[in-house]
Amino acid sequence: MERIMDHLAHERSKAQFSVEEMKIIWAGSLHAFQVSDRIARLVASDPGFRKDNRAVLSRKELFKSALRKAAYVWKRINELALSEEEASWLRFYVDELAYAYIHWSIFVPAIKGSATEEQQQKWLPLANNMQIIGTYAQTELGHGSNVRGLETTATFDQETDEFIIHSPTLTSSKWWPGGLGKVATHAVVYARLITDGQDYGVHGFLVQIRSLDDHFPLPGVTVGDIGMKFGSGAFNSIDNGFLRFNHVRIPRNQMLMRVSQVTRQGKYVESNVPKQLIYGAMLYARQTIVADASIALSRAVCIATRYSAVRRQFGRPHEDQNGNGVETQVIDYNTQQSRLFPLLASAYAFRFVGEWLKWLYTDLIQKLEANDFSTLAEAHACTAGLKSLTSSTAADGIEECRKLCGGHGYLSSSGLPELYAAFVPACTYEGDNIVLLLQVSRFLMKTISQLQTGKKSIGTTAYMGHVEHLIQCHCKVQKAEDWLNPSVILEAFEARAIRLSVACAENLTKFATPLQGFSELSPDLVEAAVAHCQLIVVSKFIEKLQQNIEGNGVKQQLETLCNIYCLNLIHKHLGDFLSTRSISPKQASLASDQLRSLYSKLRPNVIALVDAFNYTDHFLGSVLGRYDGNVYPKLYEEACKDPLNDSIVPDGYHEYIQPVLKQQLQNARL
C-alpha cells in the first residue's frame, strides 16, 4: 500500500490556534460543522460523484453526466432518508451545476413566496417529490436588470377564464433560465398582466412547458438551450435556455396570487397580504450569493495558499529539516503575502457578514408578515450592496489566486479556471453589480436628505446620525499600533463613507434635475456606495470579535485577519481616505507599516487557517490544493490521463503533420 506523506505537516505544526475550534467558527455552529463534515465525507467517498474528468468531457457528455448525478443525488437522498438540511449539504458538496439547483433554490422558494396557501397545497407536493421540475423564467433576450421592461404578456380572456401567455417580439424570448433548455417541465414565468385592456405590470404565472408523458414541448411553446458558455465545465453542465410562447393558454388560477389576483370577472384585486413580501425571493437569492462568494473565494485561497507553501523558487538555497538544500517557499515572499493574505482575510470577513445578512433576511420576513416595513429599504440596500461588493471581490480574488499559482494555475487540474467560470456570473445574475450599487447610492442619498428633517437613521446607517462629528473628526492614530484599535478603524471607515455620501448629496443639488445629477455623478455615487458597503463588512467583522469566541488562540487569529482586511482596504482605497481627510498621509504610512507586521504575524498560521474551511480534496477539485501537498507527482499523473496522450502518435499525423515535414502539402487532403 502506498504510504501517504503529508508535505505540509511542517506548516501545520506551526499553528498557534485550535484548528478544530476554528472549523466550528467557520461552519457557524458545532451542529452545522458535524452535519456538513459528515455529508462532505459521504460525497467524497462515493465514486458515483466523481468529477475529476469534467474538463475533458464534450458538452453533451458533461450535460448527461450532470443529469446522472442529479438523479443519483435524489436516489441517495431517499435511500438515506436525509433531512432537508442534509439533502442541501449533499447537493452542495456534489458541486455540479444541474437543473436541480434551480428547482430547489429558486423555483420552489418562488412558489412558497408568491403562491396562495391553496396553490401551494397543489404545487409544492409535486415539486417537493420532483414529480414536476421547475425553473424561473424572468430574464428576457432584451431585458435583464430592467424587470419593468419585460415584454412577455399574460392577457386575461374572460370568456374562457384563462390567461394567454405570449411572446410578442424576438426580444421578449425568455433567455438564460437554468434547467429550461432541456429539462424543466414547468416554469414560473414573469409577464405583463393585462386585463380589461389595462396593463398592471409584471406578475408571476405557473406555466407547464413540457409534456409529463413524452417530455415534448406543449403546443405553442418553443424551447431550447442557448449554447456554450464561458469556460470549461462550470455552467456548461446546465441547460440555460430560451423560451417563446405563441398564445399559450393557462387556467386563471395559475397566476401566482398571494399578493394580487384577477377575479372571474377580470377585475384586478390586491390581497391583504403585503405586496412587499414579493421582495422576499429576490432578497433571499442575493443573501445566498454573499455566502456563495465567501465559499468560492475561500476555495481559491485554500488552493493558492497550500500551493504557495509547496512551491519553491529562487532565493538563496538553505538546508531544510532533513539537511537538504532547498529554495525559498513562494509563500515567504512579501509580494505573495501582500496579494494572498488579504484574500484570506476577505473570505473570513464575507463569511461573517453573510451570517449577519442571513439573520437580517429572517428578521425582515418576520417584520413584513406583521405589516412592519420599517427595515425593508435598509434590507434591500444591504442585500443589493453586499451582493455586489462580495461577488465582485470574490471573482477578482479567484483570478488573483490563479495568478498567484503561476503557470500551473492555468491548468484545468488546478481547479481555478473552472472555479472562476462557475462563480463569475454571480456578478451579473440577480442584479448587475453596478446597477445594484447605484440603487444603494439612491438609498444613501435619501437617508442623508431625511437627516435634515430629524428622522433618525437606523441599522447600518446609524453612523449617519453622527454626521456632524464624522465630518469634523480627526483620526487619532499616532503610531502604527494604534491601527489595531477597532474603534479607531471603525471611525476612519465611517468618516470616509459619510464624507463621500455628503459630497455626492451636495453636488446633486447643483444640477437642474435629480435625474441629470444621478446620471452625471454616477461614478461618484458608486464609490460612495462601495464605501458604505465596505463599512458594513468591517463593522460586522468587529462585532463578531465582540462575541464569546472559544478555542485556544482562535480569537487572536480572527483579530489579525480582521485588522488585515481593514488595513488592506485603506491601502487599496487610499485616495478616498486622503481626499476626504479621513486620515493623514502620515497615518496612511503607519497603516502600511502595521499591515506588513500583520502579514508576518499571520504567516505561521495560514495553512491551518485554510484547513479550517474543512474542504475535502474531492470538493476542492484541485491538484495544487491537495491536503497532503503532494503536487508534482499528481500533476504528472493528471497530464498523462489527458485523452491526447491515449496514443503516442496523434490522430491527424498522417493527414496533416507528415505532409508538412515531408514537403508534400500539394498532395495533402486539406
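Which residues form one aromatic cluster? Select W26, W89, F92, Y93, Y348, F352, F541, F613, Y615 and F619, and you have it on screen. Before moving on, know that this is a predicted model, where local features need pLDDT of at least 70, side-chain atom pairs count only at pLDDT 80 or more, and totals for chains, interfaces and linings use all residues. Residues are numbered from 1 along each chain as its sequence is written, and side-chain values use heavy atoms, with hydrogens and water left out.

A charge sits over a ring if NZ of Lys or CZ of Arg is within 6 Å of the ring centre and within 35 degrees of the ring normal. Now pick R12 and Y627, where the charged end of R12 sits over the Y627 ring, 3.6 Å from its centre.

Next, ring pairs. Searching the whole structure turns up 25 aromatic pairs. Rings of Phe, Tyr and Trp (its six-membered ring) pair if their centres lie within 6.5 Å; planes under 30 degrees apart count as stacked, over 60 as edge-to-face and the rest as tilted.

Click on W74 and W104: their centres are 5.8 Å apart and their planes are at 35°, so this pair is tilted.

Then grab Y200 and Y268, a stacked pair with 4.2 Å centre to centre and 20° between the planes. Buried or exposed, what is Y268? Buried, at 18% relative accessibility, while Y200 is partly exposed at 29%. Buried means under 20% relative accessible area, exposed over 50%, partly exposed in between (1.4 Å probe, protein chains only).
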